[in-house]
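Here's a quick briefing on the disulfides and the pocket. Have a look at the model first.

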Amino acid sequence: MAATPEATGTVRVDHSALRTNQAFIIGLLVLAFVLNRWPLVASVALVMLIGTAIPSAGLFKAVYFAFLRPAGLVRPDLRADDPAPHRFAQAVGGAVTLASALTLAVGWQVTGWALSWLVVALAGLNLFAGICVGCLLYYQLGRLRVPGFTGTATGRS
Amino acid sequence: MVFERLVIALALPGLAALVWVTRTRLATRRLAVQAPTDPLLAQLPAGLPAIVYFSTPHCAPCRTQQRPALDQLLEEWGQAVRVIQVDAIAEPAVADRWGVFSAPTTIVLDRDRIPRHVNRGVALVETLRHQLASVHQAPAQMGIDPDGEAPGLGSRRGTR
């Protein structure tokens, strides 16, 4: 019997949407650092976590689908892929960003900004080198046979 | 204050890029020393370039993108190249030895079994073709008929 996309966890994932998402995260977190505004960090965390819980409500991806792609500013890059590792990566990124916002809110500047820069670094690695560290973590959990971590996301070369 | 933060925001990514490039080069050098004598390559005929391909059973892009790309490459190159497939889940020690931390990972070896290119994530057929050509003569130059012999798909754990 031929495997269906549902059975294999494979669907068409637009990697341009993922990259737009990463670019927004990087841009806004760096802007928050330069302007020293922790509420902006909290907003990014909120967008990331909402986008993880309800993928269709992801604000940064919505900008891509509503404006950037129709305007031809970013070309679609559809690939057969498993979206689960990408969602997991965003959940991890959102959690770290939220921790950063909370740490900054209580006045722990160095730790707070270090966490934000960690998210910037990981998103940058994904955006520029095609290496999704959250997906790698997902892969490692799969190797350890942790239930629920069986997919693998694609990068690019 | 804003200016200082701006300088930091510009300097940090540059430093990170430098660390990343240095680390990647060191890892490639280490692999270049170790790979030629690795037991994984024991059955590899001498003088042929090869691609070591790491996948996992549940890796969707491995099935839908990487495997078809390698199959197409094997059709083009015939016996002029070998592909050694390793299941990183079934053989974690091999994956660790080759520095694999994601699937798919493809490592292009030259005729002396020295890794020349490491692709983390899906390597498109164009990328692999270019990398293979850079370490070896193209099939047409070697006078090999791509429709001739069966493609050189090998695996330490059997042939697909």
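The S-S torsion of B:C59 and B:C62 is about 85°, so this disulfide (a pair of cysteine sulfur atoms within 2.5 Å) is right-handed. Bear in mind that this is a predicted model, where local features need pLDDT of at least 70, side-chain atom pairs count only at pLDDT 80 or more, and totals for chains, interfaces and linings use all residues. Residues are numbered from 1 along each chain as its sequence is written, chains are lettered from A and ligands numbered from 1 in the order written, and side-chain values use heavy atoms, leaving out hydrogens and water.

**Disulfides**
- Searching the whole structure turns up 2 disulfides over all chains.
- In chain B, the sulfur atoms of B:C59 and B:C62 sit 2.0 Å apart.
- B:C59 has 0% relative accessibility, so it counts as buried (under 20% relative accessible area, with exposed over 50% and partly exposed in between; 1.4 Å probe, protein chains only).
- B:C62, at 3% relative accessibility, therefore counts as buried.
- The other pair is A:C132 and A:C135, with sulfur atoms 2.2 Å apart, and both cysteines are buried.
- Its S-S torsion, for A:C132 and A:C135, is about 70°, so that disulfide is right-handed.

**Largest pocket**
- The largest pocket has a volume of about 640 Å³ (a pocket is an open set of points on a 1 Å grid over the protein atoms alone, where a 1.4 Å probe fits, with protein on both sides within 12 Å along at least five of seven lines; lining residues have an atom within 4 Å of a point).
- Of its 33 lining residues, A:L18, A:N21, A:H86, A:A89 and A:Q90 are the closest to the centre.

Key
Points joined across faces, edges and corners; volume = space filled by probe spheres on them.
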